[in-house]
Every structure is written in C-alpha cells, then in structure tokens.
Amino acid sequence: MTTPVLDVRGLTFAYPDGTRALTGVDLHVHRGERVALLGPNGAGKTTLVLHLNGILGGDAGSGVGSVEVSGMPVRQDTLPEIRRRVGIVFQDPDDQLFMPTVRDDVAFGPANLGLRGADLETRVGEALAVVGMTAYADRPPHHLSFGQRRRVAVATVLAMRPEILVLDEPSSNLDPASRRELAEIVLGLDVTVLMVTHDLPYALQLCERSVILSEGRIVADAPTREVLGDAALMGAHRLELPFGFDPAATR
Amino acid sequence: MGADHGHALHYHGHSVIHRLPAHLKIVSALAFVLLVVATPREATWPYAVHLAALLLAIRAARVPAAYLMKRLVVEVPFVVFAALLPFVATGPRTNLLGVSVSQPGLVAAWALLAKGTLGVLTALLLAATTEPRDLLAGLTRLRLPGQLVEIMGFMVRYVEVVAGELRRMSIARTSRGFDARSPRHWPVLARSLGTLFVRSYERGERVHLAMLSRGYAGSLPALDVVAVRRTEVMAAAALPAVAAIAALWGVVGR
C-alpha cells in the first residue's frame, strides 16, 4: 500500500499530572479517506488531535509511540512542515480567528509559510471561494454569524493546502442549515479528512469509515454504517444514536 | 454598532482623509494635540484657529457633525470638573454674571475645556476615518514594538467576545434572582470578575494553540506595504502646521 497520510503507531501519552490519556493508539488514514473519530467525552480525542501536529508529544512529550504524516515523523525539527500538512480546525472559531479582518486571518497561515504578495492573495482568494465567504473578506470576524465564522475557520486552514484536514466537532452549535452547508463544503473538498464528532448522523453522512476511541484506546475501526449499527459496541462506549435515527434506513 | 464594516467608532467613507495612510494620520493627530496642549492657556484666538483648522479637517473627512457630537459625550466628566474649578479654586476673585468666582480657576477651566474638547475631537476624527486594522498597521509602520501592536490587535478582536461573556454571566446571575444593589453582593461580583479572568486566560491559551497550529513562530507577518506620496504627507502635515502657527502666536502674543 502507499504511504498513509496519517500513520500513528503505539501512541501512549500521560499528562504531567499523571492522567493517562492515550494507551497504544494505532491509526492509519490513507489519501482521500474521510474518517470519523468517535468517542465519549474524556476519551482522549482532543489529546490525539493535538499530537497530530506536534502541539503535544514529539520531543517534548511524556509519551511513547510515533506519529508520521505522509512519511514525515513529527519531531521538533519537522514541526513547520508538519503544521502545514496537518490543518486543524478547532471547535470554537473565536479561538481560531484572531486577526482584524477575515482576509488577514486566512492569510496568517500561508504568510507564516513565507508566502507574500500575489501568491498569498491567490491562496486567500481560493480558500475563501471554497467555503463561499469571498464577499466577507474585509469584515472583522466578530461581526460574522457563528456558521460563517466556522466556515472562515475552515478556510484559514485550507489556505495552507494541508494534506489532512482535522475537524474538531465541526457541527457543534450550528443551526441545521449551516450544518448542511458545512457538510456540502467538506464533501466538495479534495482532501483527506479526520473528523472528531459526537454528531453520529453527520459522521454517517460524511465519513465512510469510523474509529471509536474510548479510554485512550482504539476499540473499533470499521465502515461507519457497521459501527453505528452495532448496538452492543455503541452501548459499551457511551455512544448513542439520536432519537428516531436509524442508520440502516438512510440510503 | 456603527458602520457595518469596522468598529463602533468608525464612520465608513472614502474621503481624502479616509484614504490617507494611517501612520501619517496618527503622527498628524498626535502632533496637533501636542501643539494644542502647548498653546498658552491665557490665549484665546489661537484656540479659535485650532478649532477652525480641525473643523476644516472634519469637513474634508465628510463625517457628520452629529456623529461626532454624540461621541463627544465621553468628555462629560471633564466638563463637570471644569465647571467646578472656578468655584473651588483659590486666588483673586472676580465677578461672572453676578457670582463671585476664582480668577485662576476660571482660566484653568477654560483651558481644560478648550484643550480637552480639541483633543477628544481629534481622536474621534482619527478613529472615525481609520479602520482599527489600519490603525494597527500604521502603528507597526511607526516602529511601535510588535508585541505592543499585537496586544492591541487582540484587544480589538476579543473585547466583544469578553464583553459577551460578561453579559451572559450577568444574565445568568440575574436569572437566579441576584440583584447587585447592596454592597453585601460585591463579593459575588468580584468572583464573577475572577471567573471572567480565568476564562479569558484559558481562551488566550487556546488561541495560542490555534496560532501554533498554523505555523506561528513568534511574530505576526506584516501583510501590506504602503507607498506614501508626497501630496499625502503634505495633506497630513497641514493640520499640525496650522496649529504650530497658532501656538506660536499664542506664545509670542502673550
């Protein structure tokens, strides 16, 4: 097989206070896949995500195991390139958008990569067009609706042309229309996606494959429809389908 | 909310003044205010010249007078203080409309009022004609240390987020029957502020994480380069130049 975009091997991590967050996590994501990362609160999903671009772990962490992105190990000296390859969209867009205008914010990532002038403008223009926010380029982020801010947050990461897009709870706090619009954007992207979510219908709609992380371990890795249909597995890891939702009834 | 674009103090427009590079406007406004403050307070006519020059600038910016007048309200505490001065100050007394007031107090009140109003108007004009983003870029071009500019930028960005958080906390308190009128309730307010501080601090950490994830390496990239034309420099210099003449007149004519 080809080199996976994301190759996590035996990742174990404990926070400085001793809390064990990850225990021997193995996860491989190949080019073009869309994978949902499911799991109850406190399962270690965010901890895992922060390892993917070396915010946690790497040289500095108190853990073992390795993370490779398209064959490049996450190490102190590879961090700039790793952070280009792994685009993380955080849950609260107010944490992600901090520049005075939408345009500046989308330019922040590529500018850190050294782009300037026309190249930079092209990147910003492309990213904003993909999420349908071109008309808002000169607005300050705090004057946008929540759904619009989330879309801009996606654009800020797309502008770095990542190899894998990591979405942390992309549908949280969105109204149904914004939720659907974001799904259409994600489905239209030609990029590998890892999506952390509690929104199981969203996982089924967007991701063909699902991984369940529970108490720091990967306990399931299978097609999403199979995972959601396994009542015993779901029940054992505090996962529940919303009332009235039947994965077998969709398509 | 003011104009759709920027900040509550910004008045959207495309006048000559709006289009001037921000750093020239900042220097011009600062120089003007310094010259106003340096004008001897016994003078009267130089202040009229200052005001006339500023009004011309406001006219050129096409910012409505009513818009600025409303925002002049921030000056009210100083006006009250100025109005008290003639009554509480010591020194030789004089008669004003049949009331005995202090002569030095009267002069001090006039100076405070004149300098204060001119200063506030200048700041309002600068804010009305310059987007916050451009102000920050202007300060960067004036070689203000990057960290200071970044702190200001974060303040502009997050002041509404933090204010929103404070508002929600206050609504939640009120919903549970809290009424902050008696001093006995001050500890509750203090704890709310403490909570707000902790939350903002944690948000700061999350923002920093998000910045690192996008390759932040210690300084914000400077995004735009502005070419300054000589006519623009002259336009920006006009206001302080007039003020300099008026101030000189005030000093010499004493």
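Predicted model: local features only at pLDDT ≥ 70, side-chain atom pairs only at ≥ 80, totals over all residues.
Among the elements of chain B, helix 5, spanning residues 76–88, gives the most to the nonpolar patch, with five residues.

A look at the whole chain comes next. The domain assignment divides chain B into domain 1, made of residues 16–139 + 227–252, and domain 2, made of residues 147–213. Taken over C-alpha atoms, the centres of domain 1 and domain 2 of chain B are 34 Å apart.

The passage now turns to the partner chain. The size of an interface is often given as the accessible area lost when the parts come together. For chain B and chain A, the buried area is about 2,700 Å², with 57% of it on carbon and sulfur atoms. Chain B brings 28 residues to this contact, and chain A brings 32 residues.

Twelve residue pairs in polar contact are counted between chain B and chain A, with both residues at pLDDT 80 or more. Six salt bridges are found across the interface of the two chains. One salt bridge joins the side chains of B:R203 and A:D95, at 2.9 Å from N to O. On the side of chain B that touches chain A, the elements giving two or more residues are helix 7 (132–141), helix 8 (146–175) and helix 9 (186–213). Helix 9 of chain B gives the most to this side, with eight residues.

Technical notes: Residues numbered from 1 in each chain as written. Chains lettered and ligands numbered in written order. Heavy atoms only, no water. Helix = DSSP H or I, 4+ residues; strand = E, 2+ residues; numbered from the N terminus. Domains from an automatic or database assignment. Contact = heavy atoms within 4.5 Å. Buried area = accessible area lost by both parts, 1.4 Å probe. Salt bridge = Lys/Arg side-chain N within 4 Å of Asp/Glu carboxyl O. Polar contact = N/O pair within 3.5 Å; in protein donor to acceptor, adjacent residues only side chain to side chain.
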